Amino acid sequence: MHNISKYFPGVKALDDVTFNLKKGEVHCLLGENGAGKSTLIKILSGALKLDKGEIYIKGKKVEIEKSQDSKNLGIGTIYQEMNLVPSMTVIENMFLGDEICRNISIDNREMKKKAKAVLERIKVQIRLEDLIKDLSIAKQQSVEIAKSLIFKKEILIMDEPTSSLSDKDIQELFRIIKKLKTQEVSIIYISHRLQEIPQIADRITVLRDGKVVNSVDVGEVNTSDLIEMMIGRTLEEYSVPQKKKIGKLALEVRNLSKKNKIEDISFKSYKGEILGFAGLVGSGRTELMKIIFGADKADSGEILIEGKSLKGNSIQDAIKKGVSYLSENRAVDGLVLGMTISNNITLANLSSVSKGFVIQLPKEATTSKKIIDKMRIATTSIEKIVRFLSGGNQQKVVVGKWLLTDSEILIFDEPTRGIDVGAKAEIYHLINDLADNGKSIIVVSSDLPEIMRICSRIIVMKDGKITGELENNEKTTQKEVMQFMLGDIKP
Amino acid sequence: MIKKILDKLGILSILILVFLTLSFSSQYFLKTTNLINIMLQISITTTLAVGMTFVILTGGIDLSVGSIVAFSGMSMAFIHKLLYPLSDQSIVQFIIGTFVPIILGIVIGAFVGFINGIIISKGKVPAFIMTLGMMSMARGATYLLTDGQFIQLFPDSFRYLGNGILMGQIPVPVIISLSLVLIAWWILKYTKFGRYVYALGGNREALRLSGVDIVRVEVWVYVISGIVSAIGAIILVGRLNLCTPVYGNGYELDAIGAVIIGGTSIFGGEGKVGKSLLGAMLMGMIRNGLNLLNVSPNVQLVVIGLIVVVAVFYDKVRVKNLNS
């Protein structure tokens, strides 16, 4: 791939990226969330169209406009989330969309022959008639790989294939990958698990902010170098957060667990403090916050607000005791997009503008107007439908909605995802103001520089557990936090 | 420009168009008696459409309204026949022979709606399936109640609700249905419950995370649908002085049709009860017009069905445009 660029409104997702893949090699793509890895492979697999640049396969220039083109060029993609139909059999899944037919009927014998050959090739034993939902995750993944290999594939893209596998299953996957290498299949491998890369990769390319930082052979670097490349020098650009006056204990979580989500979580959060939760996507932070907010149920453990225990699994109770949760995806569960700004702002506390069960419309209007001014939401009218606002303004509506509930503890889950720089600064400013007013703030963010910039204390989570906790001061580095995020990484 | 005005007026523009067309093509259409007749004919559809508007605003559907009409109607008739002969004093007869059966009928309608709502909301059974099942269950229960027999001959106080006349020429059912529209409009615009109905259809999860008990909102919506179905039954029984187990057959299509033609989104969250009234009026006018023009009732069925599908198709295109 030569000089690939891809633009999204407001951001350069990929900026002049050049990337090459040799025959029979495993090439690892590294980078933080949002560095551009996914965009790059989506272009290769035809899910996105490139804006600029050229792609060559075996020296021949090719055009990839849709996923069928990518398939025909011998590129197979295995996504992070499985793309199998659980209620269908292994063989039906392997040939889904590519059924071999004789006249108009499906040629089962021919399909079986081919499927067996492929499974033999990667030395995996699976009964073709088994239903996908009855297989283990690892076996399901083998089916995915086998599926991508049925039609002669020379390039295989794997997006975080080990993210849901146990250690034993990972070794099985590596065995398959090594087998494929000897058969001259080239593999692009994306992973966050730095410790597994030396085992499997030949070369590594690190991306950051849509640009290639470096391409190196795996022997040349250790994990510490890789982390540095991933973070870059962005560290100096961010100032240390303001010193906060830490007040009384606001929230205490004791030994909170939920099967397969979080394990034995305990922490405290204080008034006037901005507590950051760092970690990779899927490390259990959002699940934890949803449990604290009562939107989900814990198996065991206790949540105390100023010493009083929460009922658990009751959003009403959490709100009553002063907890707000600003969800990570405002369009999915934060806002009613088809309603007006005003109606969204008052939704979580309609009682404040009502007499009994009747809403006082004029009072609602003045209350909303106040919030809109305070949040500086750019709009011509309080009656504007939220769908038509920009991402930043939508986020401000969400914040405004929770301001109205007069909460003492505000949980911000990815507060600045998908909003522009200017709006980001305003949100940071607001979070700081809230903390200064004695609120207890919790920020969950996958954007490490953001955490470093606003939080006074940082808790790091990995695989549902707290792996580290550190004060954020002049001496704290992103590298330290990153080490907790990625787990045990002795170079 | 014209398109913008049409979009703004929506259903109203079509209503005016049909009104004008019919005024010119039939000399009887514009007569006061005919117009009042149309309103009387659509009064039950309008009544059911009020409840259906609530249901569809939350993103649900209630296919059982026709059967609830039959079941609550038959229950009223049954209770009436049980209690009426117990006294020959006229005031007591009114209370136990008319008032009590009507109230109990409404309670029964509400109860059937409650069962719908609780199983849909708590049991997570799709509204379509639940109310389809209830459509059959309530109908079956109606037959069981009187062994398939009809009940007839009701006292004047009962019949008044179906065929009384107020202010010289306005039928009581028209007053009842329009009052229900007015009450529903007020609830949707001015109460917390009304706001939650819109939010539930617009974004269920956002409403839940706002700390609102969404089960309560959703159950109430089906209860309302059950209540107005029972009111529909009162009108029907009173008007025809007869209750048979086949009452209400196919009413769900008319009610859903009125709501959808009125522009309430089948996906929930957007719409107005006033427009459901316009939708019912449009269907009523078209039926009436086709009658006056001597078009066979069979053709009318095809036309009404077609309008409903076109209205939903239009809604789908509109939503797609919004999202892109």
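Predicted model: local features only at pLDDT ≥ 70, side-chain atom pairs only at ≥ 80, totals over all residues.
Reader: Why is A:Leu337 called buried?

Author: Buried takes 20 or more other C-beta atoms within 10 Å of a residue's own (12 or fewer is exposed, in between is partly exposed; C-beta atoms are placed from the backbone). A:Leu337 has 21 of them, so it counts as buried. This residue sits in the loop between helix H12 (330-334) and helix H13 (341-346) of chain A. Helices here are DSSP runs of H or I with at least four residues, and strands are E runs of at least two, numbered from the N terminus.

Reader: What does A:Leu337 touch, not counting residues up to four places away in sequence?

Author: A:Ala331, A:Val386, A:Arg387, B:Gly202 and B:Asn203. Contact means C-beta atoms, placed from the backbone, within 7 Å. Across the two chains, 19 residues of chain B and 23 residues of chain A take part in the contact. On the side of chain B that touches chain A, helix H10 (192-202) and helix H11 (204-209) of chain B are the elements giving two or more residues. H10(B) has the largest share, six residues.

Reader: How do you know that S6 and S12 of chain A stand at the edges?

Author: Look at the order of the open, mixed sheet: S6-S9-S10-S3-S11-S12 (chain A). Strands pair if DSSP finds at least two bridges between them. S6 (75-78) and S12 (211-217) of chain A each have a single partner strand, so one side of each lacks a neighbour in the sheet. The twist averages 20° from one strand to the next.

Reader: What makes S6(A) and strand S9 of chain A partners?

Author: Four bridges join S6(A) to strand S9 (residues 155-159) of chain A, and the two run parallel. That passes the cut-off of at least two bridges, so they pair. A:Thr77 stands opposite A:Ile157 in S9(A).

Reader: Which residues touch the most other members of the largest nonpolar core?

Author: A:Ile411 and A:Val443, in a core of 197 residues. A nonpolar core is a set of buried Ala, Val, Leu, Ile, Met, Phe, Trp, Tyr and Cys residues joined through C-beta atoms within 7 Å. Helix H12 (residues 214-240) of chain B gives this core the most, 16 residues. Domain 1 (2-232) and domain 2 (273-296 + 312-486) of chain A each supply at least three; such bounds come from an automatic or database domain assignment. Beyond its neighbours within four places in sequence, A:Val443 contacts residues including A:Ile274, A:Phe412 and A:Ile454.

Methods:
Residues numbered from 1 in each chain as written. Chains lettered and ligands numbered in written order. Axes fitted to C-alpha atoms, helices over the stretch in contact; angles between N-to-C directions.
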